[in-house]
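Here are a few notes to read with the structure open beside you. Take them one at a time and find each residue as you go.

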Amino acid sequence: MMLLVHKIASWILKRRMQQIEHFIRYPEYTQETHFRSLVHKARDTEWGHTHGFNESFSIAQFQERVPVSSYEQLFPHIERILNGEPDVLWPGKIEWFAMSSGTTNDRSKYIPISADCLQECHFRAGQDMLCIYLHNNPESKLFSGKSLSIGGSHRINRLNEHSRCGDISAVMVENLPVFYELMRTPSKEVALMSEWEPKIEAMAEEIMREDVTAIAGVPTWTLVLINRIFEKLGIKERNLLEVWPNLELFLTGGVSFQPYRKQFEAIIPSDTMNYMEVYNASEGFFAVQNNPYSNDLLLMLDYGIFYEFIPVDELDRDHPRAYLLGEVDTDTNYAMVITTNTGLWRYVIGDTVRFTSLNPFKIRISGRTKHFINAFGEELMIDNAERAIVAACEATGAVIEDYTAGPIYFEGTEKGGHEWLIEFHTRPDDPGRFNEVLDRTLRQVNADYGAKRRGDMALGPPRVHAVPTGAFHRWMKKRGKLGGQNKVPRLANHRRFVEEILEMTKAKG
């Protein structure tokens, strides 16, 4: 069986790597080809008729006639699809919907997932992660065991007689080919459990005696599961290789891995352990780390997604200009705009990215369009925060579990500033130095922040609170946000999150 799997994987690897190399060499041609395919497929939909899609429809016409849209603006069309109406945004009926509430909005979003999207985007991305990993690690024994996938906690539900929904991991599990089922763990029944805490118990019980060679999950929730396995097995040395001696790969996305790397390296003490970051969402799969020695992510250009990029500081204009791949630069934070093979037309996904390379096109996620602090003109993005947190941890031996930050507004003669709530796994050996390095690094990576901090005239130094162990877990549970698809909001341009957590920890104390 394993020999057959290796042969199949080798054939897929060789063929697919040639295709990846092709879009790396011809990025703009690849994107134009996918644009034309999207327009061609949707020409007979209501959306296509409304906007004049035809065989000669150009990208310039597309940008002129089709508006940039948020979820709220597309929802009237999505609602009709939810109720079983065909040919609205994408040809045919769409039965599956990925439920996503993001990190700031409590209202669920229902993202249509067409068969084209599943096959050409999400499932192809799964193959590509494997292909790229095996290309970089030809001696891998990944297929000798199983892959652990830590998905979300929204199982499949019927919205009505026409539609079914769940988080994207549940939708994928329900539609996985049998071949993939043989290679993954936990069982489908456990993977689709809806309550997160019982699910962690069931997962730990089921997988702790499996031969796991790869893990895919968000760092925070993966650590929750691993710690529960240590507890159940009575492993006090916290060495995951005692549980899974053949573990060789951790695939992660959703949040930056860098603040968590040391914690994983401590519990997986192996020079041969590999870490690979990806960029995916309910709306699509976008980028993969193809170089193990760089944190940049290769933008995947042949997943049935057409990309545009709007500079963040132009996003609130009535008619912001959207840039194509050939027009972007490496010095700008862009809001990513996607047109997909599930009928999301010029959709502002909510993430911001920064290009680190234009040949090939590589990106880093710099933040969210709603996740920043700009109460004083400092324009602090998540990328800035992550780099500062990592630097402060390295300088003081600290290891974090989670964090969030918000503004401190002017009050009387008090200066404004930023308030950071950090849950430490290992506290800094010198809290004062942690704060100092955090502040200094933010000044270095963000000129606007540095200018506002100069002389303490506009911004005072960051105010850091170490919150009790489990504080973020309790807060997320209170908000109904437990599960592998949910992330703690890192930055907010308001104080609601900070005050809720402080009040909760004060009440507990």
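1. Let's begin with Leu-421. This is a predicted model, and in it Leu-421 has 0% relative accessibility, so it counts as buried, the cut-off being under 20%.

2. Where does Leu-421 lie? You'll find Leu-421 in strand β19, which covers residues 417–426.

3. Now look at what surrounds it. If we set aside neighbours within four places in sequence, Leu-421 is in contact with Asp-402, Tyr-403, Thr-404, His-465, Val-467, Phe-472, Val-498, Ile-501 and Leu-502.

4. On to the rings. A pair of aromatic rings is described by the distance of the centres and the angle of the planes. Rings pair here if their centres lie within 6.5 Å, and by this rule the count comes to 25 aromatic pairs. Take Phe-250 and Phe-257: their ring centres are 5.8 Å apart and their planes meet at 65 degrees, so this pair is edge-to-face, a label for angles over 60. Phe-250 and Phe-257 are both buried, too.

5. Which residues form one aromatic cluster? Tyr-279, Phe-286, Tyr-307, Phe-309, Tyr-323, Tyr-334, Phe-355 and Phe-361 do. Keep an eye on Tyr-323 from that cluster, as Arg-321 lies over its face, 4.1 Å from the ring centre.

6. One more charge over a ring to look up: Arg-479 has its charged end over the ring of Trp-475, at 4.5 Å from the centre.

Methods. Residues numbered from 1 in each chain as written. Predicted model: local features only at pLDDT ≥ 70, side-chain atom pairs only at ≥ 80, totals over all residues. Heavy atoms only, no water. Phe/Tyr/Trp six-rings, centres within 6.5 Å; stacked < 30°, edge-to-face > 60°. Buried < 20%, exposed > 50% of the residue type's maximum accessible area, 1.4 Å probe, protein only. Lys NZ or Arg CZ within 6 Å of the ring centre and 35° of its normal. Helix = DSSP H or I, 4+ residues; strand = E, 2+ residues; numbered from the N terminus. Contact = heavy atoms within 4.5 Å.
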